[in-house]
Amino acid sequence: MNISPDKIRHFSNQLLMKVDVPQEEAEIITEVLLEADLREIHSHGFLRLPIYIERIQKGMITNKVDINVEQENPVLALLDGNYGAGQVVAYKAMEKSIEKAEESGIGLVAVKNSNHFGITAYYSLMAAKKDKIGIVISNVSPLMPAIGGAEKVIGNNPISIAAPSTEGDPIVLDMALSNTAFGKVLFAKEKNQSIPEDWGVDAKGLPTTDPDDVINGGFLSPVGGPKGFGLALMAEILTGVLSGGHFSKMIPSMYDLNQKQSISHFMLTIDIKQLVPLEIYYSGIKQLVSYIKNSKKAAGTDQIYLPGEIEFLKEKKNLEAGVPMEEQTFHNLNELAKNLGVEGLNV
Ligand SMILES: NC(=O)c1ccc[n+]([C@@H]2O[C@H](COP(=O)([O-])OP(=O)(O)OC[C@H]3O[C@@H](n4cnc5c(N)ncnc54)[C@H](O)[C@@H]3O)[C@@H](O)[C@H]2O)c1
């Protein structure tokens, strides 16, 4: 089913305000979730709203953000998110990173004690929309073993880099560092299919093609083997370790309703024009895009896409067609609305 963006926007804001989230903050959380569903990254869209609200109700996410600036100079800042909603803390941290870049050419903001912030591209794109390059990293609770390990010690920590372009939308890489999403393993099991050997390992840490082995005590594997593991480890250092926050096994799952999560973020903005004139940057982008887009295609390929391009195409389509939503997500949201005394969502 498809739901009009305005309808779901209003509905989500009402639900969040019902659990005492201030309107301005509810609107930020809603926009990040909406952007995920419009881009068809449904794993990080309104499907997550019930768990966020449950965590707010249990006091695991504070309902009003109260950021403490612990350290600051013209190019960097360290923020304590005080367990506020990840979307709001990250949004405000990115605003600060952009402000610093505007003043000093570069702005690095490290954040500790935040929460799950949804799609990483939302924040890197804030910089790209202002002629700047944005680099955003977050850690998450551990999901993957080390190479040769058989215990979860590292998150599939997402990284996004967004670069402005005059050749269309910004070029935005937005990726988790596991080879695949857990949802895809569940999907393979449902369809009775085997999975590629590099998707996951069994409980003993050994490669498997049986989705059941990954689901029952096994683990997702890092993208690109040791290289992805190395990137995920460095992401953990740039977020949790660098901010003096939590990392690896210190971070409980967001589905553990009895513990605060304490997620850390890294937000870096580069003001291009303070390094090279924008004309030079944009003429380089134009040339690079032309090399890539006009390169010889493999047999059977009609079009070559840039990172983020497919998601932008989906977003444009869905802004017209409405936000695509699974029956189950629709049902769960309406159950939540009933419990909170908010008018239900209708198609
Ligand atoms: N907040 C968190 O804790 C957390 C954790 C994990 C993932 N996430 C989010 O989950 C989302 C999904 O991550 P993912 O790794 O599954 O993404 P993905 O594998 O769908 O895409 C990764 C990247 O590859 C690009 N891409 C895909 N197909 C392409 C093609 N044919 N040509 C060129 N580029 C292509 C995409 O544009 C994207 O930039 C992201 O938004 C990420 O930020 C968030």
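Tutor: Happy to! Let us begin with how an axis is drawn: axes are lines fitted to C-alpha atoms, for helices over the stretch in contact, and angles run from 0 to 180 degrees between N-to-C directions. Helices (H or I, at least four residues) are DSSP runs, numbered from the N terminus. This is a predicted model, in which local features need pLDDT of at least 70 and side-chain atom pairs count only at pLDDT 80 or more, while totals for chains, interfaces and linings use all residues. Residues are numbered from 1 along each chain as its sequence is written, and side-chain values use heavy atoms, with hydrogens and water left out.

Now look at helix H2 (residues 23-38) and helix H4 (residues 86-104), whose axes cross at roughly 95° and come within 8 Å. That makes H2 roughly perpendicular to H4 (the term covers angles of 65 to 115 degrees, while those under 35 count as roughly parallel, over 145 as roughly antiparallel and the rest as oblique). On the H2 side, the contact is made by Glu24, Glu25, Ile28, Ile29, Val32 and Leu33, and H4 brings Gln87, Val88, Tyr91 and Lys92; contact means heavy atoms within 4.5 Å. By class, this contact of H2 with H4 has six nonpolar, one polar and three charged residues. Here Ala, Val, Leu, Ile, Met, Phe, Trp, Tyr, Cys and Pro count as nonpolar, Asp, Glu, Lys and Arg as charged, and the others, Gly among them, as polar.

Next comes another helix pair. Helix H1 (residues 5-18) packs with helix H3 (residues 49-57) at an angle of about 15°, their axes being 10 Å apart. That makes H1 roughly parallel to H3. Ser12, Leu15 and Leu16 in H1 meet Leu49, Ile53 and Ile56 in H3. Sorted by class, the contact of H1 with H3 has five nonpolar, one polar and no charged residues.

Finally, the rings. The structure holds three aromatic pairs, where rings of Phe, Tyr and Trp (its six-membered ring) pair if their centres lie within 6.5 Å, and planes under 30 degrees apart count as stacked, over 60 as edge-to-face and the rest as tilted. Phe117 and Tyr123 form a tilted pair, 4.8 Å centre to centre with 35° between the planes.

Methods:
Helices (H or I, at least four residues) and strands (E, at least two) are DSSP runs, numbered from the N terminus.
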